Amino acid sequence: MKLSALHQSYLNRRRSPLDSSVDAPSKSFLAVFWLVLHCLCCLISLLLGFRFSRLVFFFLVSTPSSSNLYSPPFRPDLPPPRIDLTPSNATTAEAKTSSSRVVVGRHGILIRPWPHPDPVEVMKAHRIIERVQREQKAVFGAGAKGSRTVIAVTPTYVRTFQALHLNGVMHSLMLVPYDVVWIVVEAGGVSNETASIVGKSGVRVIHVGFDQRMPNTWEDRGKVEVLMRLRALRVVKEEKLDGVVMFADDSNMHSMEFFDEIQNVKWFGAVSVGILAHSGNAEEMVMSMDKRREMEEEESSSLSSLPVQGPACNATDKLIGWHVFNTLPYAGKSAVYIDDVAAVLPQKLEWCGFVLNSRILWDEAESKPEWVKEFGLLNENEGVESPLSLLNDPSMVEPLGSCGRQVLLWWLRVEARADSKFPPGWVIDPPLEITVAAKRTPWPDVPPEPPTKKKDQMSLSQGNNNVVVIPKHQQQQQQRSSKVRKPKRRSKRNKHEAKPTDTATQVSSSTKHHQERN
Amino acid sequence: MKLRSWVLIFLACNLLTFSTISAFRLSRSQPTERISGSAGDVLDDNPVGRLKVFVYELPSKYNKKILQKDPRCLTHMFAAEIYMQRFLLSSPVRTLNPEEADWFYVPVYTTCDLTPNGLPLPFKSPRMMRSAIQLIASNWPYWNRTEGADHFFVVPHDFGACFHYQEEKAIGRGILPLLQRATLVQTFGQRNHVCLKEGSITVPPYAPPQKMQSHLIPGKTPRSIFVYFRGLFYDVGNDPEGGYYARGARAAVWENFKDNPLFDISTEHPTTYYEDMQRAIFCLCPLGWAPWSPRLVEAVIFGCIPVIIADDIVLPFADAIPWEDIGVFVDEKDVPYLDTILTSIPPEVILRKQRLLANPSMKQAMLFPQPAQPGDAFHQVLNGLARKLPHDRSVYLRPGEKLLNWTAGPVADLKPW
């Protein structure tokens, strides 16, 4: 809707090529002339398909531009091309008699040479952002409410996936903006494996050994874990640690908001836990996806697709019950042994969904509410199933995370096969040359081939990952090496000189295999 | 009894000490700093009792009927003139006795003639204003007494009382001759410009307060965008080649920083515009066809440090708010070096600016809430008017003295409205 400013510039331009001695052609004649010219240019533009008028004027005007001294209020020459290093301001325009450095008119578009961002400046900007965010956290987050120490209780034991899970929990705890005390209870006693992983955390760690070994079934494992957690709570009681106790099972996933939310707990709180009861069997997953789609088409899906375990509230945000995982669809199909390829189901009420004030566990009943049982008198043999057994009155639990509406952590149980092997500390030392096949591999034991044909078979195995040929004399070596007790992939010097390349390929293909299994 | 009195005295002393602490920390909100501009610590002043305003009763064709014709005038950025009248009609500073009034207000809506797109056309505004002034000059003696020097008008259009949207034409017309002595309350402000009169009060453009309040996000959401801007860089309709619109500054921003990951700039207008501003540290407020824009108000409300790219601009309530301490001013010629400038600001300075922006009186001063609240833009205007009191002797003309030229200006303006 704004009139084009260039109309006026055209007007001025039209005047200048005309004889300047003609002082003031009557305005109406000029207006009519301009109108006719404009219509003509529009018609030509329609025919040609581009803006003819400006092109004409560009050619007309750009050549005698130096003689264009017709001034007020701006210089009527056309702009220089866009990529311009220096401004070409309109020189003559003055807004007022007092000096104003701001002039009206066409200005060049300034472009800096090499406009790509300077990495030093990008770093400075990131530091600024980080400083601002730190200030925000100090004002709105931790500092505002007073930060309490987070006491994380993790039962663990040495197995293939321990490094995977424990590193995840460790990094979550390292990111927590509050003080953290990490109590790691290890089944089977304190081991170097766990200690080396946990030692890298940088937070205060209390590494406690537990005498029992972790059993092989999920049910028993759950029971032992409960005992381990109680052991950790006893540590809290004895050391009189002050803060909020949360249960960080090593295969769970915690969001950072979880740690912010649990700062709000007064005595005993509950959060919603997302349950990922996943079987690890790809076909079953696909089938269940199809089934779920059918279900959704049949009935209106008022259920969320992720099962959640946590507090249930009524409309006034008071705790009235618990959402529990529905185990019916999985009846009979759930995993029993740790390495079963089936869905792993959670307990009725998982410990990880509860947080408590560590003062509940202390001896002196200073300000402890009456609905809390005395922890020191708890009898573990009576079968403590969930943290609610620590309370006399379970209805006093505080629901956190806007009354359970926010899922702040996810429960997952994934374990490798019981007989899977991994190098201690995940360090392969000395480097591998040949591998020892794991037991119960699906590939058949093929009789050895003469050496000349071996290379062809190796190249075959490159393409087809599922078949790895192991020559017989290596199998004999395996039998010899099986005497070695350490669960490490042994490398053995082989006499055949053609071997190194072949073993390298064999190593790569078999390691690929092991990774698939584990 | 004696103990109690000592306790009371002790408490009173504590209260006094706490009230004199300059940077105060509220329990659950951001620490803020007091704002004091060149006129002093005046943002919280209460104008009631310091001045009296008389509101002329103009026929409704100057205000109500215009608004009825187009109710969009209530929500666009020029709505300040309408809300100012509504506020004054019910304010305690209003007086019904013109003899005791210090200031006179003329409620005429000059910015309410809208195109189908919603932009105001200023072509009839000079005539409307002139007709209104002729009306009050003939019906009341107060105009002729001072030739308008104790009257104030709200002219929130692009170039204020120059009544044109194009800068060259506006400069060519200059301020309406009849308003030469009146005080103008306008959004436009640029130093050494024809359209900014000495003694004018610059106000922020109208931004809908409820809409902005409804888009607030929790303060702990981390600010992760470094620089944010949404708007046009090239006005293809009116200035296709570029270089005219915004004096080439917006185009320079685009050409230099469109690939820079620290700059979140684009022409798309997302639905999360307000939320994104609250997640940004710097918000660009470059000039457009006129140097002012509602972006400044939005940046202040959402706590994003405004980066003002407009040479010689005069910001709202410049004597009450120390804009140099709050925003970042970048010359238009320095736009290609914007990233260098912004990253070289020390973090302490940035945190201080954010504290100043968090001051609730700062945010209040930028808004026109309905109903009016203490410390808002209406009150700041009245404070500004109160600071100009008492009137100078020269305001009152000697009998028979005439300073205004009633026939000046383009011939088309002299036609009756």
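Guide: Buried means under 20% relative accessible area and exposed over 50%, with partly exposed in between, for a 1.4 Å probe and protein chains only. This is a predicted model, in which local features need pLDDT of at least 70, side-chain atom pairs count only at pLDDT 80 or more, and totals for chains, interfaces and linings use all residues. Residues are numbered from 1 along each chain as its sequence is written.

Visitor: What makes A:Cys313 and A:Cys403 a disulfide?

Guide: A disulfide is a pair of cysteine sulfur atoms within 2.5 Å, and the sulfur atoms of A:Cys313 and A:Cys403 are 1.7 Å apart. A:Cys313 lies in strand β8 (residues 308-313) of chain A and A:Cys403 in helix α11 (residues 401-404) of chain A, so the pair ties together parts 90 residues apart in sequence; here strands (E, at least two residues) and helices (H or I, at least four) are DSSP runs, numbered from the N terminus.

Visitor: Why is A:Cys403 called buried?

Guide: A:Cys403 has 9% relative accessibility and therefore counts as buried, whereas A:Cys313, with a relative accessible area of 23%, is partly exposed.

Visitor: How do you know that B:Cys285 is too far from B:Cys283 for a bond?

Guide: The sulfur of B:Cys285 is 6.7 Å from that of B:Cys283, the closest cysteine sulfur, and is therefore too far for a bond. B:Cys285 counts as buried, at 6% relative accessibility.

Key: Chains are lettered from A and ligands numbered from 1 in the order in which they are written. Side-chain values use heavy atoms; hydrogens and water are left out.
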